[in-house]
Amino acid sequence: MEPVITCEHLTHYYGSRKIYEDLNFEIAPGHIVGLLGKNGTGKTTTINILMGYLTPTSGSCRIFGEESHRISPATRERIALLLEGHVQYSYMTISQIEKFYSSFYPKWDKDAYYGLMEKLKVAPGQKISRMSNGQRSQVSLGLILAQNADLLVLDDFSLGLDPGYRRLFCEYLRDYVKARGKTVFLTSHIIQDLEKLVDEVIIMDYGSILVQESAQSLMERFPGLTLEDIFIELTGKY
Amino acid sequence: MGKMILYKEWLKTKGFIFGALGALVLLVFYCLLSIVKTAQLNGTETLWVLILQRDYVLVETLKYFPVALGALLAVVQYLPEISRKRLKLTLHLPYPQKKTVFAMYGYGLIVLLAFFAFISIVILIVFRHFVAGELVTRIFATVAVWFLAGIAAYLWGAAICLEPTWKMRAVLIGLLAALLLLLFISSTPEAYNRILVGLFIYVLCGQLLVFNSILRFKEGLQD
Amino acid sequence: MKTAAKIFLYISLALLAVWVLPWAWRIVTLKSYSTPFTLYSCVIHDFTRLERSDSKDLTFIDRKGNVYSDEVQPLFYGRVLNTKGALPDTLEGRPVTLALIDSMNVVFDASPKDFNRKVIPVCLLMESVPFRMELQDPEDAFVIRKEGIVLYDIKDNTVQEEKTKAFSDALASQGFVFPVAQYSGNPSHHKSYDEGYLLIDSAGNLFQLKQVNGEPYARRFTQADGIGARYVNITELSSMALMGWFTDGADNMYFLRPDGQVFRSDVKYNPAKESLLGVGDIFYYTIKVSDDDGEKFYALRADDFSLVDSMDRPYEFEKEFNLCKYIFPCRLYFTSSKETWVRPHFVDFSWIGLIVDLAAIAAIVFIRQRRKNKARK
């Protein structure tokens, strides 16, 4: 089966500062892949390159076979994007934002969205700007799930969330993805959240990939350690 | 789908639009009150004399409204897009990106044109009552330059807001300042008649700058 | 799209550079320059220029360098001389009094800006013979259209059909051919009398139109027929010695008397490019025509505007270092003292500046390319 995401010989510099060089990885369909790394190792850089918001110094990325800086609208329809901090159109209400997004996605699942919104217990006319971080993350999650996309790209999905909302987010996402066989590519600072969520892990260090393997085999290689411990072991303590 | 882009822009800017409309109504009311009072106290012929001999156009109160409207509309419309890089969400929509961008600034231009149409209708209705058509034409020819300034402030303002680097923003701000200086360098009515078409084309070329800023945003350029 | 935007940006920046930077340089290096007031003297029959002596007195210097007091200009300084008891009883064989001098002294001027502007085809029309002989604010206006004129009552903005027909017929009876080529009038009550408007028709013939007791008065200046008038200016001088002046396509200047007499002078004057100052008295008119290069003076007899003497005074600017010539291929400006139009003027083209700029651009491109290649390595 053709990989959903392919990155080849990816190299990027910010000015004279090297982020990474000759990065190569693939993501197969139906997998939940977590991209881990310390601050500044290039996680958000990779997401930006994948989504066409950054031109790499050299190398290329393809999503569903298309060059990442030239993704067609039809392919973008198959990709759900979550920006770090659950950034959304905060001047809209939950009903306005649903009306807006649903017009772009023919496979829009209204029930998936409003099912999650019921748990929010906010008025339909309340603006997103007046919600807490946790409530905003639920709105973002609802929008992503309703899009019924084939690929979900989540950049630092746990940013600003308390443990309760992080757990809610992870559980909802896992159930949804496993039931529908979606592919997920996500980054997060909080590694313990990923332990029960991801199938595969890519751990980046400054300039390169340290590890790309299934979470299960990684845990077997480091018995008795949590994913967080393994991460620190591999990347070294600060 | 294009209509939903307009819907999004409307949700973002409707508060500002209503506020600006209120301000415009007050300005127009004040302007018309001055004209009517002048006509009542000094005779309608005074209006003819003011236009013909003093180079007034009688709507000087509105001179800077279009440029302020254009600049503020650009800020209200595009600053939220740049704040926390929400523009990424807009560009990620499954709709051709050029059409998305065109819809966004097209909306702004439509809003501006609606305001300018309102001003034009008021001028036409009120002044046709007081002075000959040739003098109304003079007023329109003068006001057209102010409208151009409003469009320039909007398009250039959009490009400035969307531009990711401060270096290029400074260049765009310098160019906009020079363009506005040119558009207000003379207060003589109809002084711009000979270059109005050229100015109009140049101002509309500001669309290229909007696209350029977005392309630079997509390249990930930063300070 | 990106290429088009880059081209647009570079062109805009280049235009900005050739507009703002030379302007800034000129502001910084600007020096004042003035020329002395010059008048033809009926006493010494020469041009005299006005200077201040070391003791701050007014002195007059002729072309040979001889120095005189204000007695060499008795008509211009009549009042001063009269208070000193130094006003002569006769000049040029003619008895003169202060009252006569005051009534005949006139000044008129014109600037290219008066002609290089958008002309509104709407003219306020005064009553030239008012009831109490005091000029009143106009109550009528006529609008000049391609096929004729339309009279308006400006109190209620209504077309006066009868008056329109009357005025149109009056012009037609004099042979006026529409459309109007150029016109001049001064519908202000801050003057002693009103002569309405001087109009040039499409055949280059000169006419007068005014309102007398509510009726049209139209006159054709037959002595101006065939001259091909191009620019006309009404003067309405208090002395009533001159009604106006006009020029033809070859920049010859003609003077117009209220009785319809037309006098061709030897003055060469292009109203669209040169400034005019006329100072007249009982005997002579000193006409100054100035442009960017200098001033030309003409002394004309007041009775028939024939040339008595003339003088050229080119400007003597210091040849200072012009940095802009070595940096910019040209200079751009949008406003001029000679017109009200805002439009681009490209002047002072310099090959040196062009070569310097092209070399600078090539150097910048080369350096940027080297930096890019270095970064890639």
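This is a predicted model: local features need pLDDT of at least 70, side-chain atom pairs count only at pLDDT 80 or more; totals for chains, interfaces and linings use all residues.
Student: How do you know how helix 1 and helix 5 of chain B are oriented to each other?
Tutor: They pack at an angle of about 20 degrees, with axes 10 Å apart. Axes are lines fitted to C-alpha atoms, for helices over the stretch in contact, and angles run from 0 to 180 degrees between N-to-C directions. Angles under 35 degrees count as roughly parallel. Therefore helix 1 and helix 5 of chain B are roughly parallel to each other.

Student: Which residue classes make this contact of helix 1 with helix 5 of chain B?
Tutor: The contact has 16 nonpolar, two polar and two charged residues. Ala, Val, Leu, Ile, Met, Phe, Trp, Tyr, Cys and Pro count as nonpolar, Asp, Glu, Lys and Arg as charged, and the others, Gly among them, as polar. B:Leu24 and B:Phe115 are among the contact residues.

Student: What share of chain B is buried, and what makes a residue count as such?
Tutor: Of its 223 residues, 43% count as buried. Each of those has 20 or more other C-beta atoms within 10 Å of its own, with C-beta atoms placed from the backbone.

Student: What does "in contact" mean for chain B and chain C?
Tutor: Two residues are in contact if their C-beta atoms, placed from the backbone, lie within 7 Å. By that rule, 31 residues of chain B touch 29 of chain C. Helix 9 of chain B gives the largest share of chain B's side, five residues.

Student: Why are strand 6 and strand 10 of chain A left with one side without a neighbour?
Tutor: The open sheet of six strands runs 6-7-8-3-9-10, with mixed pairing. Strand 6 (79-82) and strand 10 (208-214) of chain A each have a single partner strand, so they stand at the edges. Pairing takes at least two DSSP bridges. Strand 6 and strand 7 of chain A have four, in the parallel sense.

How values were computed
Residues are numbered from 1 along each chain as its sequence is written. Chains are lettered from A and ligands numbered from 1 in the order in which they are written. Helices (H or I, at least four residues) and strands (E, at least two) are DSSP runs, numbered from the N terminus. A residue is buried if 20 or more other C-beta atoms lie within 10 Å of its own, exposed if 12 or fewer, and partly exposed in between; C-beta atoms are placed from the backbone. Angles under 35 degrees count as roughly parallel, over 145 as roughly antiparallel, 65 to 115 as roughly perpendicular and the rest as oblique.
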